[in-house]
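Here are a few friendly notes to read alongside the model.

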Amino acid sequence: MSTAMNFGSKSFKPRPPDKGAFPLDHHGECSAFKDVYMRCLRAKGFDNSACRQQSKDYLQCRMERDLMAQESLEKLGYKDLLENEKEKENKKGKNSNHAGTQ
Amino acid sequence: MALLAALRHFPLPCRKAPLLNTWLWCGRHVVQRSTHGTPRSAGGEARRRNITVLTYIAAGAIGMLGLSYAAVPLYRLYCQATGLGGQAVAGHATDTVTSMTPMRDRVLRVLFNADVHSAMQWKFRPQQMEVYVVPGETALAFYKAKNPTDEPIIGISTYNVLPLDAAQYFNKIQCFCFEEQWLNSGEEVDLPVFFYIDPDFVDDPRLIGVDTITLSYTFFQARQGHVPTLPGFHGTGPGSKE
């Protein structure tokens, strides 16, 4: 541990988090999103990459209820999910245009 | 004959010795050295030279001393700019998160551990034992804390990452550590940790065989009015918040 008196060996230097601490969710306002995320994790063998949509939803829940500082999702590493959503919306837009014209 | 006799008594000077600022007397080789009793001009110039040299040496010594004092903040600035030595790089973190791409060929297993100090009566545990992440992708994990006692307890936590070589690549975007968390009696809360592993992890030669990282949190009871010294958190160091 960091308290060992090993002269010259590495020690662990704890660093504060980049965006500070999460305020506590005393009323469990986002517990539903958390449960969805945990169920997804258990179903997908605890693979984080498979459950990113659910984790994004949880963070959005926190931001809506003032339990987290507002931050654009790109800065939280969800740029690829946002791009996928935009692509889907564009495709939907194109399809509805086609339907409208025909 | 008389001329020669006269010359012997009054020798003629033949050339001027530039350094000694005197005349060399031919025939007698009388040389005047710049001693205590020498003319003022010769000694004065030498003294001025000496004083100049001494001034340069003194200035050099003071400059070296000042440089050794200035080296501490300068080195800190250099580390912040280049990110060497594992120091938190000021202003670099959000750029990394926005622009990083996941390294899908290197899957890492992150184990979660929860501890409490012996005097701390909270029940604290992780909600998942492990999560499989890749460097360059943000991940979310949960811990759960419950206060089973009859009175509110304030907790404060710190964390540890093993192996130590991997600790510098483990970046927490947001968590619940280093700040006092108040739990009322009987209250149970979810404590999230939002983190990512820096993509430079795959380039580190010391971490070639590492595929398991353990994140361990420990909760302590915070005393009322007691402000612990937190690592660069409240100060003006490179890790300080905002």
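1. In chain A, 48% of the contacts with a separation of 6 or more join residues 24 or more positions apart; contact means heavy atoms within 4.5 Å.

2. A word on the basis: this is a predicted model, in which local features need pLDDT of at least 70, side-chain atom pairs count only at pLDDT 80 or more, and totals for chains, interfaces and linings use all residues. Residues are numbered from 1 along each chain as its sequence is written, chains are lettered from A and ligands numbered from 1 in the order in which they are written, and side-chain values use heavy atoms, with hydrogens and water left out.

3. Chain A has 3 helices and 0 strands, giving the pattern α-α-α along the sequence. Helices (H or I, at least four residues) and strands (E, at least two) are DSSP runs, numbered from the N terminus.

4. Of the 102 residues in chain A, 34% are buried, meaning under 20% relative accessible area (1.4 Å probe, protein chains only).

5. Helix H2 of chain A covers residues 52-64. Its buried residues include A:Tyr58, A:Leu59 and A:Met63, but also A:Arg52, A:Lys56 and A:Arg62. After H2(A) comes A:Asp66, with a positive phi near 65°.

6. The largest nonpolar core has 65 residues, and B:Tyr143 and B:Tyr217 have the most contacts inside it. Such a core is a set of buried Ala, Val, Leu, Ile, Met, Phe, Trp, Tyr and Cys residues joined through side-chain atoms within 4.5 Å. Strand E10 of chain B (residues 188-197) gives the most to this core, with 7 residues.

Technical notes
Buried means under 20% relative accessible area, exposed over 50%, partly exposed in between (1.4 Å probe, protein chains only). The expected span of a helix is 1.5 Å times one less than its number of residues.
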